[in-house]
Amino acid sequence: MMSYQNIVKQNIVKQNIVKILSGLGLIFSLTLASAQNQDFEEILKILDNRSNFQTDLSATMTLSRTDPEAGDDSRTVQMFRRDDDNLFLFLIEKPETQLGQGYLRVNDGLWFYDPESRQFTFTSLSESFEGSDARNRDFGASSLAEDYRVTSGTEGTLGNFDVWILELEATNSEVTYPFRKIWVTKENSLLLKSEDYSLTKRLLRTSFFPSYAKSGESFIANKMIFVDALVENKSTTITLTDISTATIPDNVFTKAYVERVNR
Amino acid sequence: MRIPALLMCLLLSLPALAQNNPDDTIFGDTIVTDIENSDANPAKTLLESDKVVIGGRFSVSAQVNLDPNATKDGDVFSSGLIDLSTRLFLDARPSSDFRAFVKGDLSYKTSTGVNFELREVFADIDLYDTVFLRAGKQTINWGVGFFFSPANLINLERVNPEDPEAELAGPVAVKAQLPIGTDNLTGYLLMSDIESGIDIGLASRYEFLVEGYEVTVGGIYQPDNPWAVMATGSGSIGDVAVFAEAVLQGNSNKVFVIKDPDSPSGVGTETRKDAVFFSGTVGGRYNFTTEDQLFSVSASAQYFFNGLGYDDNSVFTGNRAGIAELIGKGELSINDLRERGKHNAAVSVSANDIGGTDLTPSLFWLGNLSDGSGIVNASLQYRGIDFLTPRLSYRFNYGPEGAENSVNGISHSLSVGFSLSGSF
């Protein structure tokens, strides 16, 4: 037989549990309500708009690859971008053995230039960039709102930032990753992290975007870390320096320019 | 009290758990910095240089061969230097509007000494940043084919199926290129040394995109040389990169070997200036990498219908002495004997750095389907040492004697070698 005091204590405990659970439930409900009220498709559009520069953009890009099997290496690439017209040009400056190789994108066309054979090869945006964990598509204008639909959205934190955590499903077969989970800052809709999945929903890579450079209302990640989820300790870190929004001459985005800068 | 205490502990520990998330350490307190623009124009900087740049690529390779089918005069074992050469270039860019470039191969053979071959010498200028001119001896690639490229009409050298990515020597020409959005219109004046008559040919090419494919159409006209029109297409079907070429040629100066009962050797030659020849090719490339990226396989395959080839190759297989006599008399050149099958095919498969071992096995097959001859080459390279590549390869030539890929009949050979190369 339980004593009266014990019964009272037990009731108080039960009341406390109910209060705590109610509190948690309230927090959860508010979070859910907040998440439900949020227009996630709009967040993707804002993210795309902020990532896409209204001006021209040029920078020196350094790719540092850590690969336990192939060994570590580094590449330096001169980058030119004009997002409004779907144009970009990447010219490899280091290592010396790849000097002059280039990737030229003009609208839907992407060409790889090999100075050794002096030949342009028509290629695909979804291919790996220089054998790294980055894809050619990673460097163009962002088109998340066009390529994906949001299947779920919740609130969370990442580092010191309040974020929306969105799960995405591709709307077309042209994209590299059919499923993605992204962390987007609430404050200014910047992509901080992305988990990229295969069709079987196997995690293929995790990408981090811990630093951005800003010009007007546009942002560009000036540090990107792509971590291979399939090969332990394999990753690619990309940093952008000498970023400029000065106007790039039209003729830079041509095969003729790629041939002229080459030896 | 145990349950609320547990819940409280859990609630209190949540921020701590969040702080321990390794992802969080990547992010600082602020993530955004403003771009500080400079006046530098990197696009222009790449076109200018205060100094003349000299560079190139050094390579030396040697090999030991075991040839069990060596002829009476040949050795079963042979070994020695395969190549000792340096490709040199000189690049001068005094302003962004003008550039001069010279490139050549300096090679050395112990028997003949030093040799220099000029590969390219040209200057680049532009007209109002709109039309880009290149004048001089230059490589001009028109084709998209990998092992065979009948549309590669302008270069002086043909694609070598066993070294398909090698640079091809081109002619002396003035090239004018006009980019129009994604399209490109290019015109060429092809020139020989001025002698008598007209030593200038005309060529033009237009490149454009259609539904994710790049299409090129072009033509070449030279008064005393072959004329041709061509079309190429490249793109991808699923994960397979595909390409195709079609060419019509006339006024051909190719010398054909024919059976000639009136000739003591039984063979003679003729040209077919009035005939129009169609050639075409189709092929594809596919790369496959396992999800763990330990195994990566690249495969390429191509079929080539050569309108300038022979249906019946018995003229070669039955008259080896006669063919040699025609070459000796200068009535037939080695170039006339290349790509002589009407139906040809090639396949290569390689696995780069298989299983993270730095070993690259590869298999190559080239077949003249018209005369039944072919080459199979299997090789294994080790790429774990900077600048040095050891190689083991086995080569099998099959087909009747005198055929394109089996001049001496069926043969096997095994070789071990290395190449040392580096850019500077």
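Reader: What share of the contacts in chain A with a separation of 6 or more comes from residues 24 or more positions apart?

Author: In this predicted model, such residues account for 44% of those contacts. Chain A has four helices and 13 strands. Buried residues make up 38% of its 263 residues.

Reader: What makes residues of chain A and chain B count as being in contact?

Author: The test is that their C-beta atoms, placed from the backbone, lie within 7 Å. Here 55 residues of chain A are in contact with 52 residues of chain B. Strand S11 of chain A, residues 203-215, gives the largest share of chain A's side, seven residues. By class, that side has 26 nonpolar, 18 polar and 11 charged residues.

Reader: Why are S11(A) and strand S1 of chain B said to pair?

Author: Pairing needs at least two bridges found by DSSP. S11(A) and S1(B), residues 32-34, have three bridges, in the parallel sense. They therefore pair. Lys214(A) stands opposite Asp34(B) in S1(B).

Reader: Which residues of helix H4 of chain B are buried, and why are they said to be on the same side?

Author: In H4(B), residues 320-328, they are Gly322(B), Ile323(B) and Leu326(B). They cover an arc of only 100 degrees around the axis, so they sit on the same side of H4(B). What covers them includes strands S13 (256-259) and S14 (267-270) and helix H3 (314-317) of chain B.

Terms used:
Residues numbered from 1 in each chain as written. Chains lettered and ligands numbered in written order. Predicted model: local features only at pLDDT ≥ 70, side-chain atom pairs only at ≥ 80, totals over all residues. Helix = DSSP H or I, 4+ residues; strand = E, 2+ residues; numbered from the N terminus. Buried ≥ 20, exposed ≤ 12 C-beta atoms within 10 Å, placed from the backbone. Contact = placed C-beta atoms within 7 Å. Nonpolar A, V, L, I, M, F, W, Y, C, P; charged D, E, K, R; others polar. Arc of directions from axis to C-beta.
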